Each structure stands twice: as structure tokens, then as C-alpha cells.
Amino acid sequence: MGKVTSTMAMFYGARSFNSDLSKWDVSRVTNLEQTFYASYAFNSDISKWQVSKATTLRYTFGIAKLFNSDLSTWDVSKVTNLFSTFGDAWDFNSDLSSWDVSKITISHSMKNVFHSAKSFNFKSALDVAWENKNPSIYPGTLMYSGSCSEDIACGKCGRKSTEEGEEGS
């Protein structure tokens, strides 16, 4: 894997795929687009992957319904496209507020990042962090359509809301 520069659609549609990829060397990969798209069962720990050369994460975990690896330490400082990265990744719920999204120059590239990611509930942290890092293109609620962050009454992440906005279980 050490010489590979693209994993685009590598496991696309591998519905029952869930092998251990924690030791893969992806340090030269620039394109992770659709790598695990529609890999419903994928949930390998890839938290230690070195993705600092990646420029696109478009649909990387789209419809990877069970995926929930902690990606908070990933260096995404060269990424220019996050469109629907976690779209329909129902179980994904990792705090990505430390991600550097400053290289994204088109607001469309940040839309639907967490679309229907039903467990995702770090909207507050991202709204502050990502908007501060890239205020001119930050799309706000357009990143969260259908996620628990948009509809905290959904019940998937265990959050509920009253009319006053209080949270509880």
C-alpha cells in the first residue's frame, strides 16, 4: 500500500467488508473519494492512518452505515473537498472540530458532510471551529441535513429536546 496514491472506490459496494486496515500505509494517498462508499458493515479502526497528503474525502464513508472510527487526529489540512464525506454513515459520531478545513474554497465542497449521519451530534463544536477556520465558505446547517445534529428528537444518538432547547436522555 505504501506506493498507492488513490484508493478511490476501492471498497465501493463491499457491503459486508469489515477487515482490519489499521496497519495500512496510506501516507501517499491523495484521493480517498468513495473509498468505503456503500461498505455497510465497515467499522475498522483507521484512526492512525496518515492522510496528510489527501486532497479529497468526497463520499469517503458515504453509506458506510456502521462506521464510527475516531478520526479526530487525522491531518486533513490539504483537503479541498468534504462533500458528503459521512453521508448516511448512520453510526458515525466523532468530534472533528480539530480538523483544519481552511483549504476548502467552494462552499459546495462542505455541503452534506454529515447528511443523515443519524448518530452525529458534534454540531455545536463544528459550528464554532470550522466556521472560524473558513468563515467565507462555511455552509452551516447545509452540512447536517437529516443528522441527529439537525433533528435532536430523532432518538438515534440518545439526545432529546424540549421546546426550550434543553437536552436530556
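This is a predicted model: local features need pLDDT of at least 70, side-chain atom pairs count only at pLDDT 80 or more; totals for chains, interfaces and linings use all residues.
Reader: Hi! Which residue lies over the face of Tyr40?
Author: That's Lys65, at 4.8 Å from the ring centre. A charge sits over a ring if NZ of Lys or CZ of Arg is within 6 Å of the ring centre and within 35 degrees of the ring normal.

Reader: Okay, Ser39 next. Is Ser39 buried or exposed?
Author: Ser39 counts as buried because its relative accessibility is 0%; buried means under 20% relative accessible area, with a 1.4 Å probe and protein chains only.

Reader: And what is Ser39 in contact with, leaving aside neighbours within four places in sequence?
Author: Phe11, Ala14, Arg15, Ile63, Ala64 and Lys65. Contact means heavy atoms within 4.5 Å. Arg15 is 24 residues from Ser39 along the chain, yet their C-alpha atoms are separated by 4.4 Å.

Reader: New topic: how many aromatic pairs are there in the whole structure?
Author: A search finds 28. Rings of Phe, Tyr and Trp (its six-membered ring) pair if their centres lie within 6.5 Å, and planes under 30 degrees apart count as stacked. Trp74 and Trp99 are stacked, because their ring centres are 6.4 Å apart and their planes are at 0°.

Reader: Why does Trp99 count as buried?
Author: Because its relative accessibility is 0%. Trp74 counts as buried too, at 4%.

Methods
Residues are numbered from 1 along each chain as its sequence is written. Side-chain values use heavy atoms; hydrogens and water are left out. Buried means under 20% relative accessible area, exposed over 50%, partly exposed in between (1.4 Å probe, protein chains only). Rings of Phe, Tyr and Trp (its six-membered ring) pair if their centres lie within 6.5 Å; planes under 30 degrees apart count as stacked, over 60 as edge-to-face and the rest as tilted.
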